[in-house]
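Please consult the display while following each step.

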Amino acid sequence: MPLALIPWPAAVRELGGPPLRPAPPADPGDRRSLAGLLAAAAHRADDPTIGAEGYRLRVDADGVAIAAGDDAGFFYAEQTLAQLIDADAEGPLLPAVEISDAPRFPYRGVMLDVARHFHGVETVEAVIDRASALKLNALHLHLTDDQGWRLELASHPELAAEGSALSSLGDAGGRYSPADYRRIVDYAAERHMIVVPEVDLPGHTHALGLSHPELVADPVVTDLMREVHDLFPGQGELPRRGAPYVGMAVGFSSLRADAPGLEPFLRDVLGEIAAMTPGPYLHFGGDEALGTPPGEYHAMVSLAARIVTETGKTPIAWHEAGEADLPPGTVGQYWGYVTPTEGHDDSARAFVSRGGRIILSPANAIYLDMKYDDETPVGLTWADGPTSVERSYRWDPADVVAEVPESAILGIEAPMWTETVRDLADIDLLMFPRVCSAAEAGWSPRLGSTPQRSWEAFRERVARMAPLWAEAGIGFHRAAGIAWR
Ligand code: TNX
C-alpha cells in the first residue's frame, strides 16, 4: 500500500527494512506531538544545496534524520513525519523510508473571505494550522467587500467603525484590531505562511461607501441581480446607497475615478496595510467591477497598482485587471475555468507579457466555496455546477493558461468565499478533502508524471488521512469518490 502522504513528495523511496518504533506518546491519539518529538530528537543537518522549503528525510529503525536548507524545510519534514506515523498492535510505527522533497511552485495559497462572513482570530488560526500542515505557505485574507470592512486602520478608523456591523445573510459582523491582525500574521509566520491582505477595489466597495459616500457611485442593480435575489432567502434588501448590504450579489458597487480625495485615500489605506504586513504582496482586487465604466476601471486599477508598488510591495490583482496599464511585475490571479472561456486567459497572459507571474485559482476546480454535489448544505454552484473531489484534482497548473511558461506561474491558490459559510464547521466541510487537491497542484510533480500523481492513487491516500484529521478535530466531508474505509 502506498504511503498516505499529501501533498505527494518529489521523490519517495521505501527502504523495506524494519520500521521505527518510537515510544508511544502520553496521548496515543496525538500524532502531531509525536511528530514534534521525533523531529526534535532527529539528527539534523543544514544543507544549503537543498533549495527553498525543501528537505530530505530518512526514517529507519534507528531513528530520524532531516536535512534542509531553511527553517521551512525542517517544518515541512515534520509535517511529513506526522503523516508517516502509523500503528499496529505493538504501538506507533513509521515505515523505513527516504524522502527527498521540494515544492514545484513557490506560492501555495488558501484564501479566506472574512468580509462576507467575518471569521474571528481563532478560526483564522485554525485555517492556518490546516493549511500549513499541507505545506501551503500563503494565507490571502479578503478583508473588504460590499458586506464588510474588517480591518481597523489608524488613518481611517471610520471604515471599520461604520462598515463592519453585519455579515452576509444578516449575521453578526466583526473586525480585526491592529493587534488581532498582528496575532494572525505572527501565528502564520510561525508556521511558515505569509499573509496576503486584500483591499478589493474599485468594485466590491459598498461597505467602504457607508463611511465615505463621496468616494462611491450609486449601486448598479441589474435584472440578473434581482433574479438571484429572489432565488435565495435571507439576503435582505437589494443594494441601496448608504444602507448595509447583506445579500450575495456581486458587481454592483464602484469607487468613482473622479472623486476628489480618492488618491490620498488610497495612499493612506494601502500604505497603512502595507506597513502592517511583513509579507511581500498586497492584493488590490480588481474583480467584477461590472458597474464601473471601463475607462474609469482602468484608471483606478492602474492608480492602485502604482500606489502598492510605491509601498514596496508587489501588487496582486484578479485577472480582469490585466487589461489595464499596470507596473511591470504585477501578479495576476486567474479565476476562470480550467478550460478558459470568455478570454479570461487573455487577461491572465497580459500579466505575463509585462513580466509578471500568475497565480492559478481555477474556479471550477479549487474554489472551495462550491458545493460538492446537490446535497451539500452550504456553498454555491455558479462555477460550472458543483465541484466533486475528483474534478478538484484532475487538472494541472501548466495546462490552464496556454503559452505561459511554467516559470511564469507563481503558484496556485484555493479561495474560500463565504457568502454561505458561517463558521469553522462550514469551512472544514468545504475545505476537506478538496484543499488536498490544491496542495498537490502547488507542491507535487505534474499530474500524471508519477503513478501517485493520479486520481486513482489520490483517492486512496485521502481516505487514509481521515484518522489524522479526526484527531485534529477537522470536520472533513466524507465526499463521494474517495475510498473511505
Ligand atoms: C466570485 S471570482 C467572486 C467573489 C464571490 C465568489 C463566490 C471573483 C474574483 N470574485 O466575489 O464571492 O465568486 O463564489
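Q: In which loop is the place of P433?
A: In this predicted model, the peptide bond from F432 to P433 is cis, with omega near 15 degrees. As for its place in the chain, P433 belongs to the loop between α13 (424-431) and α14.

Q: Which residue does a cis peptide bond join to L201?
A: The bond in question has an omega of about 0 degrees. The second residue has its place in the loop between β12 (194-201) and α6 (206-211). The residue joined to L201 is P202.

Q: Is the aromatic pair of Y76 and W443 stacked or edge-to-face?
A: A pair of aromatic rings is described by the distance of the centres and the angle of the planes. For Y76 and W443, the centres are 5.3 Å apart and the planes make 80 degrees. Planes over 60 degrees apart count as edge-to-face, so the pair of Y76 and W443 is edge-to-face.

Q: How many residues apart in sequence are the parts that the pair of Y76 and W443 ties together?
A: Y76 lies in helix α2 (residues 71-84), whereas W443 lies in helix α14 (residues 434-443). The pair therefore ties together parts of the chain whose separation in sequence is 367 residues.

Q: Which residues come nearest to the ligand?
A: There are 14 residues around the ligand. Those of the shell divide into eight nonpolar, one polar and five charged. The residues that come nearest are R116, Y367, D369, W382 and E419.

Q: At what distance from an oxygen atom of the ligand does a polar side-chain atom of E419 lie?
A: Polar side-chain atoms of several residues can be considered here. For R116, such an atom lies 2.7 Å from an oxygen atom of the ligand, and for E288 the distance is 3.0 Å. For E419, the distance to an oxygen atom of the ligand is 2.6 Å.

Q: What percentage of the area that the ligand exposes when taken alone does the protein bury?
A: Taken alone, the ligand exposes 360 Å². Of that area, the protein buries 98%.

Q: In which pocket does the ligand sit?
A: A molecule sits in a pocket if more than half of its atoms lie within 2 Å of the grid points of that pocket. By this rule, the ligand sits in the largest pocket.

How values were computed
Residues numbered from 1 in each chain as written. Predicted model: local features only at pLDDT ≥ 70, side-chain atom pairs only at ≥ 80, totals over all residues. Heavy atoms only, no water. Near = heavy atom within 4 Å. Polar contact = N/O pair within 3.5 Å; in protein donor to acceptor, adjacent residues only side chain to side chain. Areas by Shrake-Rupley, 256 points an atom, 1.4 Å probe, with all protein chains shown as cover. 1 Å grid on protein atoms, 1.4 Å probe; cavity = no way out; pocket = protein on both sides within 12 Å on 5 of 7 lines; lining within 4 Å. Nonpolar A, V, L, I, M, F, W, Y, C, P; charged D, E, K, R; others polar. Phe/Tyr/Trp six-rings, centres within 6.5 Å; stacked < 30°, edge-to-face > 60°. Helix = DSSP H or I, 4+ residues; strand = E, 2+ residues; numbered from the N terminus.
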